[in-house]
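Please read it alongside the sequence and the coordinates.

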Amino acid sequence: MPAPLADPASVAGETTGAGGLPAGLPVAVGTMDAWAALLGGGIAAPGDAIDIAGTSEVLALAATPGGSAQGIVTFPSWRGLHVHAGPTQAGGDALTWASAVLGVAPGELLDRAAGADPGQVLFLPQLAGERAPLWDPDLRGHWLGAGFATGPAELGRAVLEGVAHAARHVLGPLEAAAGRRADTIAACGGGAASDLWCQIKADVLDRPLRRTAERDAGVLGAAMLAALATGDAASVDELAGRMVRVDREFTPDPRTRGRLDDAHGRYLAAQRALAPLFRPTGG
């Protein structure tokens, strides 16, 4: 029989003394990794937005209750926090794949990509289908626009931009669901450790990105839930003010605006055009 549902910020029980922990410590119920990362990234009030750059890319935007958009997940309100979210299928996973295919370590591929011009080669990161906002398991990944002068630097840069284009594809429906624009976006997760990737996302999304000092925001979010459960704080907003810190802000570069807007249009057009080629034909 499954355990009953409970508030993530409530006490489930106490430690028994097993595993080297002292007995009697309160244990909070907790929640899934992505939701915990929202809290650890500072999502506390309407208008707060985040990009969780992990194995996949997850964007979320807090809003007032109500509103929805096709392809977007809308969570029930919890302690005054109402969130719309969209998980993509491949974020850091796309870089890991490209690194293996090109035979270049991820760190070196990032270094090479820094020397490539923006918007030259397109990459569609749907290597295992796509979740938000398309929810299509049949989509596949592509590099498009390569020529004889294309090398690992250009292909690597395209992967970074492709993940950012997928994030932008989610951001539009998120803002529609919330009925408001995300003026700034918090950034966390392993992918946020790359200054280059953060700058590319700021440029493609055309939003300032504020990278959190704690990259693993899910761990910080779990600690915040424990603090709420044990009465150490009264609200998520209070904890965000006490515990979430910004490491660096990345502002969009106006010099790349036109080129990346054009690239995003080509990205969406290519996705629509190529999708039918990988549909199961049956028989």
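The points below treat the basis of the model, then a sheet, then a cavity.

1. Basis. The model is predicted: local features need pLDDT of at least 70, side-chain atom pairs count only at pLDDT 80 or more, and totals for chains, interfaces and linings use all residues. Residues are numbered from 1 along each chain as its sequence is written, and side-chain values use heavy atoms, with hydrogens and water left out.

2. Sheet order. Helices (H or I, at least four residues) and strands (E, at least two) are DSSP runs numbered from the N terminus, and two strands pair if DSSP finds at least two bridges between them. An open sheet of 7 strands has the order 5-6-4-3-9-10-11, and its pairing is mixed. Its edges are strand 5 (73-74) and strand 11 (246-250), each of which pairs on one side only.

3. Helix on the sheet. Helix 4 (residues 152-178) packs on the sheet and touches strand 4, strand 6 (82-87) and strand 9; contact means heavy atoms within 4.5 Å. The direction of helix 4 makes about 20° with that of strand 4, where axes are lines fitted to C-alpha atoms, for helices over the stretch in contact, and angles run from 0 to 180 degrees between N-to-C directions.

4. Strand 3. In strand 3 (residues 49-53), 5 of the 5 residues are buried, that is, under 20% relative accessible area with a 1.4 Å probe and protein chains only. In a regular strand the side chains alternate between the two faces of the sheet. Here Ala49, Asp51 and Ala53 point one way, Ile50 and Ile52 the other.

5. Neighbours of strand 3. Strand 3 runs antiparallel to strand 4 (residues 57-63), with 5 bridges, and a hairpin of 3 residues joins the two. Ala49 stands opposite Leu61. With strand 9 (residues 185-188) the pairing is parallel, over 3 bridges, and Ile50 has Ala186 as its bridge partner.

6. Cavity. How many cavities of 30 Å³ or more are there? The count is 1, a cavity being a set of points on a 1 Å grid over the protein atoms alone where a 1.4 Å probe fits but cannot get out. The largest cavity holds about 50 Å³, a volume being the space filled by probe spheres set on the points, which are joined across faces, edges and corners.

7. Lining. Lining residues have an atom within 4 Å of a point; among them are Leu124, Asp138, Arg140, His142 and Phe278. Helix 8 (residues 257-274) gives the largest share, 3 residues.

Conventions:
On a 1 Å grid over the protein atoms alone, a cavity is a set of points where a 1.4 Å probe fits but cannot get out, and a pocket is an open set with protein on both sides within 12 Å along at least five of seven lines; lining residues have an atom within 4 Å of a point. Buried means under 20% relative accessible area, exposed over 50%, partly exposed in between (1.4 Å probe, protein chains only).
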